[in-house]
Amino acid sequence: MQVHKPAPSPGFSNTNAPENQVPYGYQQHGPGIYQGAGSYGFQVQSMGVPAVPPIQNQPCMKEGTIWMPIPPPLPRCPPGLEYLTQIDQILIHQQIELLEILTGFETSNRYEIKNTLGQIVYCAAEDTDCCTRNCCGPSRPFTLRIIDNLGHEVITLQRPLRCSSCCFPCCLQELEVQAPPGTPVGYVVQNWHPCLPKFTIQDEKRMDVLKIIGPCVICSCCEDINFEVKSVDETCDVGRISKQWTGFLKEAFTDTDNFGISFPMDLDVKIKAVMIGACFLIDFMFFEHAGDKQQRMGVWQ
C-alpha cells in the first residue's frame, strides 16, 4: 500500500510586529495522512469552514484584540479544539507582569496563544495560590486554564508537585491535559536521561505517541532553543517546540517567554492540545526564573 506523504507548502510570511514572527525553520504542511509516528496514524480533519469575521474585544484580553474566527463544531472533536484543526503553527506569548518585575514577587503567569496571523486562538492563566508560587518557585504544582474567545475553558493542564532533576528518576515531571476539563486526552511524561531533556507524549490510554528531545545545555544567546518532536522510535521529525529569543533586556530582567510550536496540519487535535501542554511544562521547568533569578541550564540543575 502506497503511503501518501504531503509535500510542505510555503511557510507563512512574517507580520510587521516582532512578537508575531514565525519561528525560524517552521513550514506549513498540507493536508494528508502523517505516517511519521510509527503505527499511530493521524487522520485528516474536515476543513470545510465558512468565513467568519474576526472577533474583537472579548473578555480577559485588552481592548482591540483580534480573535481567530470561530470554527463550526466538528464530529469526534472535543468542544473548543476545532480551532486546532485549521493551524499547523501556534505562537505562545507570556504576558509581562509589572508587579513581578518591580517587587520580585511571583505572580500568576498569563499567556496569549496566537496563530501566525497574530489572531488570538486562546488565552491561558495559571491558577495557583500565592504561597505555592513563592515557596515552590518554578517547580510548583499548578492548574493552567486555557480559555477560548467565548470565555469557555476548553483545556485544563494539571501539573502535580514532582522533582525535575534526573537525580531522582522515580519522581520525574508529569502533566495531564484535559479537554474538556475533567476529561483527560493525554499526558506529558519526563523521561530519565543523564544529560538531555526528554519527554514522551501519551494519549488518553497512556500509549506512547511522540517523543520530545531538547538540547544538552538549555542556554543560548541571540538564537532560539529548539525541542524537537519526533516519532516514538525517534527516527522521524514530526514538529518542534521552540523558545524564541526575545532580546537582551527581556531575557535579563523578566521571565516572560515566547514560544513557537509546529506540528502536522492533520495531527489529531487531542495530540496538538497535549503538545501545547508540553510547551507550558518546558517553560516552567527550564525558563521560569527561580527566586535567585537563575534559570535551569539542564537536567542536573
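Let me start with a term: buried means under 20% relative accessible area. Keep in mind that this is a predicted model.

Strand β14 comes up first. It covers residues 225-231. How many of its seven residues are buried? Five are, so by that cut-off the strand is mostly covered.

Now its partners. On one side of the discussion is strand β13, residues 208-213. β13 and β14 run antiparallel, and the pairing holds over four bridges. For a landmark, take Leu 210: Ser 231 in β14 stands opposite.

The other partner is strand β15, residues 237-244. Again the sense is antiparallel, with six bridges between β14 and β15. The landmark here is Asn 226, which stands opposite Ser 242 in β15.

β14 and β15 also make a hairpin. Five residues sit between the two strands. Look at Glu 234 in that turn: its phi is positive, about 65°.

On to charges. Side chains of opposite charge can pair when their charged atoms come close. How many salt bridges are there here? The count comes to nine.

Pair one is Glu 112 with Lys 114. Their side chains meet at 3.4 Å, N to O. Buried or exposed? Glu 112 is buried, and Lys 114 is buried too.

Pair two is Asp 127 with Arg 145. The closest N and O atoms are 3.0 Å apart. What does this pair tie together? Asp 127 belongs to strand β7, residues 120-127, and Arg 145 to strand β8, residues 142-147, so the bridge links parts that are 18 residues apart in sequence.

Check the exposure of those two. Asp 127 has 40% relative accessibility, so Asp 127 counts as partly exposed. Arg 145 comes in at 30%, and that is partly exposed as well.

Glu 153 has a relative accessible area of 25%, which means it is partly exposed.

Which residues do the shared partners join? Asp 127, Arg 145 and Glu 153 form one network of salt bridges.

To recap. Glu 112 and Lys 114 are a buried pair. Asp 127, Arg 145 and Glu 153 are joined through salt bridges that share partners.

Notes
Residues numbered from 1 in each chain as written. Predicted model: local features only at pLDDT ≥ 70, side-chain atom pairs only at ≥ 80, totals over all residues. Heavy atoms only, no water. Buried < 20%, exposed > 50% of the residue type's maximum accessible area, 1.4 Å probe, protein only. Pairing = 2+ DSSP bridges. Salt bridge = Lys/Arg side-chain N within 4 Å of Asp/Glu carboxyl O.
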